[in-house]
Amino acid sequence: MLDLNPDIQPMSDEEFRLLRDQVYGHSGIFFDDGARYLLEKRLSRRLIQLSMTTFRDYYYYLRYDQQRDHEFVELMDILTTNETYFFREDFQLKAFTDEILPEIIAGKEAQGDRTLRIWSAGCSSGEEPYTLSMLLLEQKCLAGWRVEIIGSDISQRVLQLARKGVYGRASFRTTDDHYLRTYFEEVEGGYRVNNAVRERVSLSQLNLFDPPRLMLLGKMDIVFCRNVIIYFDQTAKKQVIDNFHRMLHNGGFLLLGHSESLMNISTAFSLRHFKNDMVYQKAPVNSEVRL
Ligand SMILES: C[S@@+](CC[C@H](N)C(=O)[O-])C[C@H]1O[C@@H](n2cnc3c(N)ncnc32)[C@H](O)[C@@H]1O
């Protein structure tokens with residue numbers, strides 16, 4: 001059944017539990033019993049690279065070796081699912097540009113505040129934060145504003161791709177020609193996102209389960225965390241959502257992926273029904289947090 005390397009001893013029940021708990025404790029990513037084969041298969045490749053033949057050896061390496069911090073970086077590159085593309089979930093992006101942004105801009109203008117901070121948490125290879133940057137460049141009413149888009153991910157590998165900013169056809173599966181023509185230049189191997197788009201985007205490696213480092217990012221107006229919490233269990237989802245709540249300004253918005261919701265996770269946000277989509281909002285004034 002398994003097309004695993006014959007030199008590696010199959011993963012025992014105990015090894016599965018030990019390794020799964022390490023991954024979960026570090027990243028919130030939860031491999032349930034049904035995903036055991038996936039974990040075994042992905043880790044096998046790493047065992048081969050390290051010339052190990054048992055998962056127990058790898059467990060001890062991860063747990064006690066001096067290289068363990070570095071190994072967790074490698075592990076995240078191997079275990080995360082990084083599927084993404086430009087202009088993903090366009091109906092939600094329409095709610096963002098046509099309904100959420102005007103509301104935030106009006107509120108901030110009234111307070112004489114002309115800064116906008118948006119976080120793409122779990123940004124993978126960069127298509128999401130660059131999409132947001134393009135959409136904001138089209139907003140002429142933001143001229144003179146200080147706009148910051150922060151893209152973060154736990155995987156170094158995808159962040160390197162984001163920094164390179166060169167994309168192949170698969171990333172453009174729902175991209176209107178206008179954006180391709182205006183914001184990209186053709187280079188060998190694909191299309192490179194231009195400097196105007198990159199200028200407002202800063203990229204950093206960040207684990208959503210590292211609250212002290214998260215808090216250093218400062219307060220946000222909008223958090224996009226799409227197609228990320230699906231890989232976490234309920235407890236981990238609650239922790240991450242709780243942190244987003246703390247990091248949003250009052251009245252700030254949380255945009256999740258279309259298959260994700262806060263049902264049974266948090267009651268701290270209210271669900272706003274816009275014309276184009278439903279999104280979560282932190283109460284506009286201080287209110288009791290009930291998680
Ligand atoms: C499927 S991609 C989603 C990309 C983009 N948000 C989108 O919707 O197209 C999920 C990303 O979440 C990242 N991720 C998973 N666990 C994470 C964690 N604990 N901290 C930060 N990023 C994490 C993965 O590395 C991966 O790149």
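Biologist: How many residues surround the ligand?
Modeller: This is a predicted model, where local features need pLDDT of at least 70, side-chain atom pairs count only at pLDDT 80 or more, and totals for chains, interfaces and linings use all residues. Residues are numbered from 1 along each chain as its sequence is written, and side-chain values use heavy atoms, with hydrogens and water left out. The closest are Thr 84, Arg 88, Gly 122, Asp 153 and Asn 227, and the residues around the ligand number 22.

Biologist: Which residue has a backbone N or O atom 2.9 Å from a nitrogen atom of the ligand?
Modeller: A polar contact is a pair of N or O atoms within 3.5 Å. The side chain of Asn 207 places a polar atom 3.1 Å from a ligand nitrogen. The side chain of Arg 88 has an N or O atom 2.8 Å from a ligand oxygen. The backbone atom at 2.9 Å from a ligand nitrogen belongs to Leu 208.

Biologist: What is the angle between the planes of Tyr 60 and Tyr 64?
Modeller: Rings of Phe, Tyr and Trp (its six-membered ring) pair if their centres lie within 6.5 Å, and planes under 30 degrees apart count as stacked, over 60 as edge-to-face and the rest as tilted. That rule gives 16 aromatic pairs. Tyr 60 and Tyr 64 are four residues apart in helix α3 (residues 55–64), so about one helical turn separates them. Their pair is stacked, with centres 6.1 Å apart and planes at 25°.

Conventions:
A residue is near a molecule or strand if one of its heavy atoms lies within 4 Å of it. A polar contact is a pair of N or O atoms within 3.5 Å; within protein, one must be able to donate a hydrogen and the other to accept it, and residues adjacent in sequence count only if both atoms are side-chain atoms. Helices (H or I, at least four residues) and strands (E, at least two) are DSSP runs, numbered from the N terminus.
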